[in-house]
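Subject: The model we talked about

Hi there,

Here is the structure I promised to pass on.

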Amino acid sequence: MLSMLVRLYLTVAGLLLCSILVVQQVFPYLFPDQYSESAQHEFVGELALLRDRLDGASGRDLALRLAVLNRQTPERYSLMPAPQVAALPQRVRDDLLLGGTASDHGSSEHHHIYLRLAGGEVVQIGYNENDFPIRYIAYLTVFAMVLLGLMMWLQPHWRDLERLRETAAQFGDGDLGARARLRGGSSIRQLCAYFNNMADQIGRLIQSQRDMVNAASHELRTPITRLEFGLANLADTLDDRVARARVHALRCDVEELDLLVGELLTLGMLERNGPEPTLEPVQLSAFLRASTGVSAEELRIRSTTIEWAISPALDEVNVEPRSLRRAFSNLMRNAVRYADNTIRVAAELDGEDWLLIVEDDGVGIPPEDRRRVFEPFYRLDRSRDRSTGGFGLGLSIVRQVIERHGGAIHVENSALGGARLVARLPRQPGLWPGRRRAGDDDLDELDHSFHIQ
């Protein structure tokens, strides 16, 4: 808003300055007759006295009389030689022949008045406008008054636009209930109404989509459980090896479907409750080691080792344990999925924040995909096969949890050769006012889905 005010003021001030310069420098040449008549009118008294004083004098006597006059006003009066008179503009010479007086604007500060005496001699009266300091102060005063007028005119518009900007920022940050409230006489009231109507439509669409996904996910849990139970019983009654293998494949598909439902429920819970964690102190090193979500047997099968580098300065931190446990587990499972042999987990201080870093020695993430990997259902091409698996929701949940704590996460190149995911979290996360705090039921659901997977 300030830059808009500055640009508007500079535009108005520049146009005003250009107008003044055009009037001073160009108008005398565009309207010479009017300016000449005005100058002669201003000097009519002086010209009459000068004519009475000089008429009848010629030669040396005329020069002496002009010298006496110049003692009071140095170099104001001068007798023009014939060649100089002949060099005057045609308009000035015509005026001298017709009326005996003429004027000429040499520039915006220098002016000349000409008087033709009875003997044909031409006397030049030169004067300069030496009011530069006063003129500049006047210009500055005009520009200051223009600035003051613009500020008084823009202040209510600025205030209303700032409110609309803040509301748009809140809506963009996920507060779907944010609406702009302006005074009745606001000049952007109609724009505000359009924005609120748009926000209502978007909010209803998003909420409808979330409700549908959450309801479908909840409803799918029961048939999935029945399928798992039925397939387990069926496997126990089969003796045919081929049939048992097919039942096992079906059970893997059902487990994969259950995992997807759990991810959807977790993502819906985080979006529904907004970024307002219920903080608890935890011993960071022990908390992270217990929250990998990866068994020692899986690490042994994959021939993968985990290197830990937890800073001793981060003995205790305030976090929301259940959601951060889920986020860290997703980071670890993502690293295990793509690592060749090594995963490195680090936690270190960085000013008022602390960094949680998970990196691996895998193939890494291309720079063009590093922002999109945190979008729901976005997967890299190499992760579309079943060997790496995934639904494209794990890192989206991680981002939601980190932002819920008031932090941010991004992807870098790792010194190990793979991807390096860096989450920046505040040491003292601030609670976000105006949002519903996560309920126990939602957190229990999150914890339950974490243990299932």
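Below is what turned up, beginning with the nonpolar cores and ending with the salt bridges.

First, the ground rules. This is a predicted model, so local features need pLDDT of at least 70 and side-chain atom pairs count only at pLDDT 80 or more, while totals for chains, interfaces and linings use all residues. Residues are numbered from 1 along each chain as its sequence is written, and side-chain values use heavy atoms, with hydrogens and water left out.

**The cores**

A nonpolar core here is a set of buried Ala, Val, Leu, Ile, Met, Phe, Trp, Tyr and Cys residues joined through side-chain atoms within 4.5 Å. Buried stands for under 20% relative accessible area, exposed for over 50%, and partly exposed for anything in between (1.4 Å probe, protein chains only). The largest core has 38 residues, and the members that touch the most others are Leu284, Ile343, Trp354 and Leu421. Among the elements that give two or more residues to this core are helix 11 (284–289), helix 13 (321–338), strand 8 (342–350), strand 9 (353–360) and strand 11 (419–426). Helices (H or I, at least four residues) and strands (E, at least two) are DSSP runs, numbered from the N terminus. Helix 13 supplies the largest share of the core, 7 residues.

In general, nonpolar side chains tend to be buried together in soluble globular proteins.

Helix 13 is mostly covered, with 15 of its 18 residues buried. From first C-alpha to last, helix 13 reaches 26 Å, close to the 26 Å expected at 1.5 Å a residue; the expected span is 1.5 Å times one less than the number of residues.

Helix 4 (residues 44–54) has Leu47, Leu50 and Leu54 buried. These three cover an arc of only 65° around the axis, which puts them on the same side of helix 4; the arc is that of the directions from the helix axis to the C-beta atoms. The face turned away from that buried side carries the exposed residues Val44, Leu49 and Asp52. After helix 4 comes Gly56, whose phi is positive, near 95°.

**Aromatic pairs**

Which aromatic pairs does a search of the whole structure find? There are 2. Rings of Phe, Tyr and Trp (its six-membered ring) pair if their centres lie within 6.5 Å; planes under 30 degrees apart count as stacked, over 60 as edge-to-face and the rest as tilted.

- Phe171 and Phe195 have ring centres 6.4 Å apart and planes at 75°, so the pair is edge-to-face. Phe171 sits in helix 8 (residues 132–172) and Phe195 in helix 9 (residues 189–237), so the pair ties together parts that are 24 residues apart in sequence. Both Phe171 and Phe195 are buried.
- Trp308 and Phe328 form a tilted pair, 6.4 Å centre to centre with 45° between the planes. Trp308 belongs to strand 6 (residues 305–310) and Phe328 to helix 13, 20 residues apart. Trp308 is partly exposed at 25% relative accessibility, whereas Phe328 is buried at 0%.

**A backbone detail**

Ser303 has a phi near 55°, a positive value in a residue other than glycine. Ser303 is found in the loop between helix 12 (296–302) and strand 6, and is partly exposed at 49% relative accessibility.

**Salt bridges**

Counting a side-chain nitrogen of Lys or Arg within 4 Å of a carboxyl oxygen of Asp or Glu as a salt bridge, the model has 16 salt bridges.

- Arg91 pairs with Asp95, the closest N and O atoms being 3.8 Å apart; the two are 4 residues apart in helix 7 (residues 90–99), about one helical turn.
- Arg302 meets Glu298 at 3.5 Å, N to O, and this pair is likewise 4 residues apart, in helix 12.
- Arg424 meets Asp353 at 3.4 Å, N to O, linking strand 11 with strand 9 across 71 residues.

Finally, Glu307, Arg344, Glu359, Glu412 and Arg420 are linked in a network of salt bridges.
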